[in-house]
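This briefing sets out the fold, the aromatic pairs, the nonpolar cores and selected residues of one protein model. Please read it alongside the sequence and the structure shown here.

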Amino acid sequence: QFQGGVWPLSMVLCDALMTMDVMLCTASIFNLCAISVDRFIAVSIPLNYNRRQIDLRQLILISTTWIFAFAVASPVIFGLNNVPNRDPSLCQLEDDNYIVYSSICSFFIPCPVMLVLYCAMFQGLKRWEEARKAKLRGSIYGANRKLYHPSTFTERAQTGLEPEERNPYAPPDHPGDYVMNNGIQTVSYPHLKYPHPGHSRKRAKINGRERKAMRVLPVVVGAFLFCWTPFFVVHITRALCKSCTIPTQVTSTVTWLGYVNSALNPIIYTVFNAEFRNFFRKVLHLF
């Protein structure tokens with residue numbers, strides 16, 4: 001509002017402003033929901049998560065987000081706000097039913113869905129970590145058995161018999177290659193292969209990056225809910241309860257609290273994401 005709370009411009013411009021306001025707010029919520037869906041698929045159904053198609057998948061998610069956001073906000077620009085006896089000095093959403101509808105579609109449905117997806121995602125991530133640690137322990141145990149008892153595996157593979165069933169005085173068929181080095185007999189096992197240490201480090205680094213991303217996203221979602229929940233609660237209460245008196249200062253405060261959320265996200269990413277923090281420092285050094 002301008003000039004002491006009076007809207008001086010046309011109602012068409014007011015409707016366009018209201019449409020843009022609803023669409024941007026809805027798109028920001030739907031975008032977080034789309035990110036939660038993408039992360040849920042990556043953790044819970046990794047076989048169906050094709051990283052080579054990440055550009056196409058992101059294009060689909062972003063396009064769907066904006067299409068749905070425009071679908072929620074479009075009734076305002078198409079004349080829903082033109083109610084009879086409309087006060088031209090006020091620029092606001094006039095239809096209470098639309099306020100309830102947009103609040104439910106933009107906030108009260110996607111946010112619970114997003115929270116359920118994150119809970120399921122962290123349960124899947126926990127199972128993934130337990131399975132990874134169990135596999136790592138099993139591979140280390142198997143490597144140790146092959147290192148210290150190679151003849152056991154060789155005998156089983158060649159004869160199909162247990163070690164105690166064979167002649168204890170017979171030399172092993174192929175436990176290893178014996179080499180004389182300075183009069184000392186040593187043995188090597190060329191048939192035993194061990195994974196390259198660089199590969200395991202690379203996998204650990206990728207998994208660590210995924211875990212860091214999982215820790216940042218709940219903070220972003222928590223800050224979003226903290227900033228926007230009062231706004232939607234106040235506006236849906238004002239639409240449903242005609243006898244309730246909500247001070248103008250409260251409405252203004254919760255509105256600006258929602259806007260502040262846009263300034264919090266860069267701070268959150270800077271604090272919790274080392275890659276973003278390093279890139280941000282490089283950008284600052286350029287200027």
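Helices (H or I, at least four residues) and strands (E, at least two) are DSSP runs, numbered from the N terminus. T251, for example, lies in helix α7. The model is predicted: local features need pLDDT of at least 70, side-chain atom pairs count only at pLDDT 80 or more, and totals for chains, interfaces and linings use all residues. Residues are numbered from 1 along each chain as its sequence is written, and side-chain values use heavy atoms, with hydrogens and water left out.

**Overall architecture**

- The protein has 8 helices and 2 strands, and its elements follow the order α-α-α-α-α-β-β-α-α-α from the N terminus.
- Of the 287 residues, 29% count as buried, where buried means under 20% relative accessible area, exposed over 50%, and partly exposed in between (1.4 Å probe, protein chains only).
- The accessible surface comes to about 19,200 Å², and 65% of this surface belongs to carbon and sulfur atoms; the areas come from the Shrake-Rupley method with a 1.4 Å probe, and for residues only the protein chains shown count as cover.
- Among contacts (heavy atoms within 4.5 Å) with a separation of 6 or more, 69% are accounted for by residues 24 or more positions apart.

**Annotated transmembrane regions**

- An unreviewed UniProt entry carries the annotation "transmembrane region" for residues 16-37, 58-78, 98-125 and 216-236; UniProt positions are given in the numbering used here, feature names are shortened, and annotations may be inferred rather than shown by experiment.
- Residues 98-125 are 96% helix and 0% strand, with the end C-alpha atoms 39 Å apart.
- Residues 216-236 are 100% helix and 0% strand, and the end C-alpha atoms of this span lie 30 Å apart.

**Aromatic pairs**

- Rings of Phe, Tyr and Trp (its six-membered ring) pair if their centres lie within 6.5 Å; planes under 30 degrees apart count as stacked, over 60 as edge-to-face and the rest as tilted.
- By this rule the count comes to 10 aromatic pairs.
- One of them is the stacked pair of F107 and F232, with 4.6 Å centre to centre and 10 degrees between the planes.
- F107 belongs to helix α3 (residues 96-108) and F232 to helix α6 (residues 197-240), so this pair ties together parts that are 125 residues apart in sequence.
- F107 and F232 are both buried.
- F232 also forms a tilted pair with W228, at 6.1 Å centre to centre and 50 degrees between the planes.
- W228 and F232 are 4 residues apart in helix α6 and are therefore separated by about one helical turn.
- Ring pairs link F107, F108, F224, W228, F231, F232, W256 and Y259 into a cluster.

**Nonpolar cores**

- A nonpolar core is a set of buried Ala, Val, Leu, Ile, Met, Phe, Trp, Tyr and Cys residues joined through side-chain atoms within 4.5 Å.
- The largest such core has 24 residues, of which I29, F107, F224, W228 and F232 touch the most other members.
- Two or more residues of this core come from each of α1, α4 (110-148), α6 and α7 (248-272), and α6 gives the most, with 12 residues.
- A second, separate core of 13 residues includes W7, A69, C91 and Y98.
- Beyond its neighbours within four places in sequence, W228 is in contact with C25, F107, G258, Y259 and N261.

**Helix α3 and its N-terminal cap**

- D95 is placed in the loop between α2 (54-80) and α3.
- D95 caps the N-terminal end of α3, with a side-chain oxygen 2.8 Å from the backbone nitrogen of N97.
- The D95 side chain also reaches the backbone nitrogen of Y98 at 3.0 Å; a polar contact is a pair of N or O atoms within 3.5 Å, and within protein one must be able to donate a hydrogen and the other to accept it, while residues adjacent in sequence count only if both atoms are side-chain atoms.
- Not counting residues up to four places away in sequence, D95 touches L80 and N81.
- The buried residues of α3 include Y98, I99, V100, S102, S103, S106 and F107.

- S36 lies in helix α1 (residues 11-44) and is buried, with a relative accessible area of 1%.
- Outside the four places on either side in sequence, S36 touches M114, L117 and Y118.
- T251 counts as buried at 13% relative accessibility.
- Leaving aside neighbours within four places in sequence, T251 is in contact with V234, H235, R238 and I246.
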